[in-house]
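We will go from the whole chain to a few single residues, one selection at a time.

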Amino acid sequence: MSALTQSPAWRALQAYQTVMAQQHLRELFNRDPQRFNKFSLSFSDMLIDYSKQPINDETVELLLTLARQQQLEGWIARMFSGDKINSTEHRAALHIALRGQHPIVVDGVDVMPEVKRVLKQMERFTIAVQSGARRGYSGKMFTDIVNIGIGGSDLGPAMVTEALKPYWLNGITPHFISNVDGAQLTQVLQRLNPETTLFVIASKTFTTQETLANAHSARQWFLSHGGSEKNIAQHFVAVSTNQPAVEQFGIDAENMFVFWDWVGGRYSLWSAIGLPIALTIGMDNFYALLAGAREMDQHFASAPLEKNMPVMLGLIGIWQINFFGSSSHAILPYDQCLHRFPAYLQQLDMESNGKRITRDGEMVDYATGAVVWGEPGTNGQHAFFQLLHQGTQTISADFLAPCQSHYLIGDHHRMLLANFLAQTEALMTGKTETEVRAELEAQGMDTQVATQLVLHKVFPGNRPTTSILFKKLTPQTLGSLIALYEHKVFVQSVIWNINPFDQWGVELGKQLAGKILVELAEKASTSAHDASTCGLIDFIRNNQ
């Protein structure tokens with residue numbers, strides 16, 4: 001048994017879970033009219049309501065005791081001071097520096113001057129593209145930006161540009177290529193004009209297999225559709241640290257935007273990885289995105305634990321995952337612009353906390369992380385909400401919505417918000433057998449028919465949700481929202497005593513793929529793998 005699961009704070013929460021498991025959320029609200037005021041937090045123009053979670057005053061105090069036992073405040077201070085808290089890679093985790101303003105020292109060097117230098121480089125480049133000072137080889141202004149990356153070099157910029165579509169500048173459209181499946185690259189390129197297309201190749205090492213395969217295919221497309229070798233430097237830029245490889249590709253070193261080993265891919269959209277964001281929405285809006293994240297950073301670093309949004313969001317997740325056994329967590333944004341937000345959070349959460357070894361090198365004996373998934377409302381209501389309401393699994397969910405929409409069409413946004421509110425209420429209250437029977441009888445339904453239907457129409461309720469509302473989805477608000485979830489993930493990693501900043505779990509598949517790639521091109525059968533993999537390789541060879 002681990003020190004964590006044997007600790008006083010953990011055992012107290014285990015004991016208290018049996019108390020809370022016997023109480024229905026409906027009854028908790030009936031008994032306490034102040035429940036919403038007690039279990040909600042406001043910051044800037046954002047509100048988090050976690051009153052529809054199975055908690056009371058005692059639960060919150062026990063969770064806070066667990067946080068203090070795990071020295072959460074000390075870990076927060078260590079991250080903000082530049083300590084090398086990424087223990088397996090001996091690095092700091094300083095995504096906060098990318099949007100910071102104050103000196104942060106790593107290995108005796110203040111990183112902020114270099115961060116600001118790259119931001120200025122991005123600003124100059126962005127202004128040049130948007131003003132037409134930098135153009136394509138035929139003299140035409142750029143109209144399309146194609147970002148080629150994968151993982152954090154794709155998900156963050158793709159999500160943000162979609163979320164901030166109302167802020168797109170006229171004349172520029174972003175595209176994102178990540179999948180090594182040639183279908184994605186082909187379908188994007190066939191719509192573009194090479195004379196007006198700018199490519200951003202995002203790879204820290206400039207060796208990522210999928211990214212480089214897509215980059216070289218895009219390069220060949222450019223050369224075969226009118227561009228020349230000397231034009232490569234006009235139409236291709238890189239976000240990387242490998243200058244020799246970048247130059248060998250044909251990219252001018254002046255158009256290489258660096259970032260650092262203390263920036264993990266899934267935390268990197270605030271860096272030069274965000275170049276396609278800046279090119280799409282303008283540098284002023286990119287700075288506003290950084291400012292929103294910085295505000296949440298300051299709140300996370302200074303607010304008392306019980307008033308701290310990321311802390312409470314993280315602790316509620318601990319309560320659900322470790323004490324109620326929730327292994328699945330839904331992210332449900334009631335805003336079409338946030339349709340890529342669940343996919344972004346999948347990587348942020350699952351790649352960070354999908355770990356089974358503690359910082360101390362011991363196997364955990366408790367759950368870490370949850371399966372994160374979701375779709376925008378109201379689409380999900382007509383797909384998987386049936387399981388949320390009446391299925392055998394209890395799935396926790398975050399509901400997100402803006403009070404104001406950028407798109408004022410009829411009564412659409414009011415309908416959207418009505419559904420948002422109705423779903424969280426329905427998941428909480430449910431509908432009892434008595435209520436269903438009375439409803440059917442009021443409709444004049446035959447008693448025998450009603451008896452057959454009644455259990456099918458019962459909703460157990462007591463399904464946990466957290467609601468996150470914000471005034472409007474602006475660049476600044478989005479920055480705060482993303483940082484909120486970044487810090488929530490960190491809070492949970494501290495409680496679980498795991499390192500959220502490495503990702504060794506992605507390595508084995510990459511290594512094997514490199515070996516199998518060679519074998520797929522050979523004619524002779526292979527026996528170098530298990531029988532299943534060898535059989536699959538043979539089937540592919542015989543059918544290509």
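Here is a short tour of this predicted model, stop by stop.

**Stop 1: the whole chain**

Start with everything selected. You are looking at 22 helices and 13 strands. The radius of gyration is 26 Å, close to the 24 Å that the globule rule gives for 544 residues, so the chain is as compact as a globular protein of that length.

Of the 544 residues, 53% count as buried. If you colour by charge, you will find 42 positive and 51 negative side chains, with the centres of the two sets 3 Å apart.

How much of the contacts with a separation of 6 or more comes from residues 24 or more positions apart? The share is 73%.

**Stop 2: the cores**

Hide the surface and select Met122, Trp262, Phe341, Leu478, Leu481, Leu484 and Tyr485. These residues have the most contacts inside the largest nonpolar core, which has 143 residues. Which helix gives the most to this core? Helix 20 does, with 12 residues.

Stay with Leu478 and show what surrounds it. Beyond its neighbours within four places in sequence, Leu478 is in contact with Met159, Val160, Ala163, Leu164, Leu289, Leu338 and Leu473.

**Stop 3**

One reminder before you zoom in: most residues other than glycine have a negative phi, and most peptide bonds are trans. The next selections depart from that pattern.

- Select Phe206, in the loop between strand 7 (197-202) and helix 9 (209-224). Its phi is near 55 degrees, a positive value in a residue other than glycine. Is Phe206 buried or exposed? Phe206 is buried, because its relative accessible area of 5% falls under the 20% cut-off.
- Move on to Asn497, in the loop between helix 20 (475-496) and helix 21 (507-520). Asn497 is not a glycine either, yet it has a positive phi of about 60 degrees.
- Finish at Gly377 and Thr378. The peptide bond from Gly377 to Thr378 is cis, with omega near 10 degrees. Thr378 lies in the loop between strand 11 (371-373) and helix 16 (385-390).

Notes
Residues are numbered from 1 along each chain as its sequence is written. This is a predicted model: local features need pLDDT of at least 70, side-chain atom pairs count only at pLDDT 80 or more; totals for chains, interfaces and linings use all residues. Side-chain values use heavy atoms; hydrogens and water are left out. Helices (H or I, at least four residues) and strands (E, at least two) are DSSP runs, numbered from the N terminus. Buried means under 20% relative accessible area, exposed over 50%, partly exposed in between (1.4 Å probe, protein chains only). A nonpolar core is a set of buried Ala, Val, Leu, Ile, Met, Phe, Trp, Tyr and Cys residues joined through side-chain atoms within 4.5 Å. Contact means heavy atoms within 4.5 Å. The radius of gyration is taken over C-alpha atoms; the globule rule is 2.2 Å times the number of residues to the power 0.38. Lys and Arg count as positive and Asp and Glu as negative; His and the chain ends are not counted. The place of a charge is taken as NZ of Lys, CZ of Arg, CG of Asp or CD of Glu.
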